[in-house]
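Subject: Structure handover

Hello,

Here is the structure for you to look over. My notes follow below it.

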Amino acid sequence: MMKHRLNQHLQAIRLVLARMRRSLSSTLMICSVIGVALCLPAMLYVAVDNVSRATELLQGDAQISLFLKQDIAKSAVTALGEQLRRHPAVSEVRFVDRDTAWREFRSGLATDHPASSLEQNPLPDAYFVKLKQTDPESVSTLQQEMQAWDGVELAQADASWIKRLYALLQLGKQAVLALAILLAFALTVIIANTIRLQIMTQREEIEVSKLIGATDQFIRRPFLYAGMLYGGGGGLAALLLLYAGIVSFNRSVAELALLYGSDFHLHTQWADLSLVLVGTAVIIGWLASYFAVGRSLAKLQQAG
Amino acid sequence: MIRFDQVRKRYPGSDEILRGVSFEIAEGELVLLTGQSGAGKSTLLKLMAAIERPTSGTVLIGNQNISKLRPAVIPYLRRKFGLVFQDHKLLYDRNCFENVALPLYINGVTGSDAAKRIRAALDKVGLLNKEKAMPITLSGGEQQRLAIARAVVSRPSILIADEPTGNLDESYAGEIMALFNAFQQVGVTVIVATHDVNTISQSPHRALHLSQGLLEVQITEFA
């Protein structure tokens, strides 16, 4: 029984492959159309993914500056330093005492600058804290937490640019999603229409087959496989296009990056991406042909 | 094997085509179904092959009442039949071999096993040398024989032919009837619808005569 089932499926696949070989050019054309359609959101995804990877590198610099109160005792300053070093969210702590800060500040000033005539040091002691987590929410929670500490005059998180970047990336991700949904819809229509046309050209065969005892599944099966194969072929075509695009981009961007002393290049997780791309395409192909076959068979049934 | 009991059939918007038909066909019998065109022969054959359902009355095939079958099991019932259609219904986009292969593929028979049976069927109807030919290149008689090969390739227990000699010369018609006789000899139940007077008069078999939707006379002749 099991073997019989398997045989039925193999038979359907062989039939479809034979049909596709017979109309090779149109099969390749359909696959490349699907490939181009799939390739667009995939490329956008790779771009967004890489930008967000790049910002993670930049965010290594994300920090909170803690300016301490002027009248704070030396012991309290040390205690705060300890507290910061023990804090789980903190990766690095740098202390700048007010005298050093003042010296540095004044050395950078022209002698006739009004600030250089100040008698007293107006600057506070400060801790510059690098954080482990760099997303805007956790940075701002930490900033609020530290602001509440005793002896802290001002905790300043320079996070607004990160926020903006994050918002932008979020927008990019949403654009990828929207594009993917739109194109999935387009793919469904393309594949469903292709399958519908094939059913129409094989109308006689379907009618005769039904008359001599073919089950609906038997008739449906080759078309479902055809849809899946179109999807799979399109997915592979998309991968090929994407690969070509990324390789050529990396080649031209490498020179530019070299000028900036960076080794930036587009990074792609091929295994995951291929699986998702081809898998989605196959599923869309199956769904599209399932709808197409269902509708067309119902129509044939009415006519016959 | 096949039993009709007070079978009536009416298509929507038409007169009654069959008006209470009852008969029985035994296993291994060859029966002619005669009557003028429009008498309801094709409809009766369609009821037999579960292509149509009766408006009222019962059609029993084996012991199955076809009116009560779920649509899902009808394909399996149809595989018991070999059907030869009035208009052949050959597929003109493939060669003779592939035409005959269709019922086997539907039954899940493929490969060398299928090839053997296809060649045997083609051989039986005298078309073994034409397996690569396209049906359109065959003569009318050859096309009809190809249709018969397709009908018998899956070794059905019942063979139903609708006007198989319809447009053929007398000699061709004789050949075809000889083929049906040969199938009956090996135990196949054969039902042949025809309006061809020659076929009827030369046949030693029972004939059911349909006239205006009624089974008129049951002629029984013995050779």
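Predicted model: local features only at pLDDT ≥ 70, side-chain atom pairs only at ≥ 80, totals over all residues.

Chain A has an average pLDDT of 84. In that chain, 93% of the residues score at least 70. Among the elements of chain A, helix H7 (residues 203-211) has the highest mean pLDDT, 89. Helix H4 (residues 98-107) of chain A has the lowest, 80.

Next, the cores. The largest nonpolar core holds 108 residues. A:Ile34, B:Ala149 and B:Ile160 have the most contacts inside it. Helix H8 (residues 216-259) of chain A supplies the largest share of this core, 14 residues.

What does B:Ala149 touch, leaving out residues up to four places away in sequence? The contacts are B:Val100, B:Ala121, B:Leu122, B:Lys124, B:Val125 and B:Leu127.

Now the domains. Chain B splits into domain 1 (1-80 + 158-223) and domain 2 (87-156). Over C-alpha atoms, the centres of these two domains of chain B are 23 Å apart. At their contact, 12 residues of domain 1 of chain B meet 11 residues of domain 2 of chain B. On the domain 1 side, strand E7 (158-162) and helix H6 (170-185) of chain B each provide at least two residues. H6(B) gives the most to that side, with five residues. By class, the domain 1 side of this contact in chain B has eight nonpolar, three charged and one polar residues.

Best wishes

Notes. Residues numbered from 1 in each chain as written. Chains lettered and ligands numbered in written order. Core = buried A, V, L, I, M, F, W, Y, C linked by C-beta atoms within 7 Å. Buried ≥ 20, exposed ≤ 12 C-beta atoms within 10 Å, placed from the backbone. Helix = DSSP H or I, 4+ residues; strand = E, 2+ residues; numbered from the N terminus. Contact = placed C-beta atoms within 7 Å. pLDDT = per-residue confidence, 0-100. Domains from an automatic or database assignment. Nonpolar A, V, L, I, M, F, W, Y, C, P; charged D, E, K, R; others polar.
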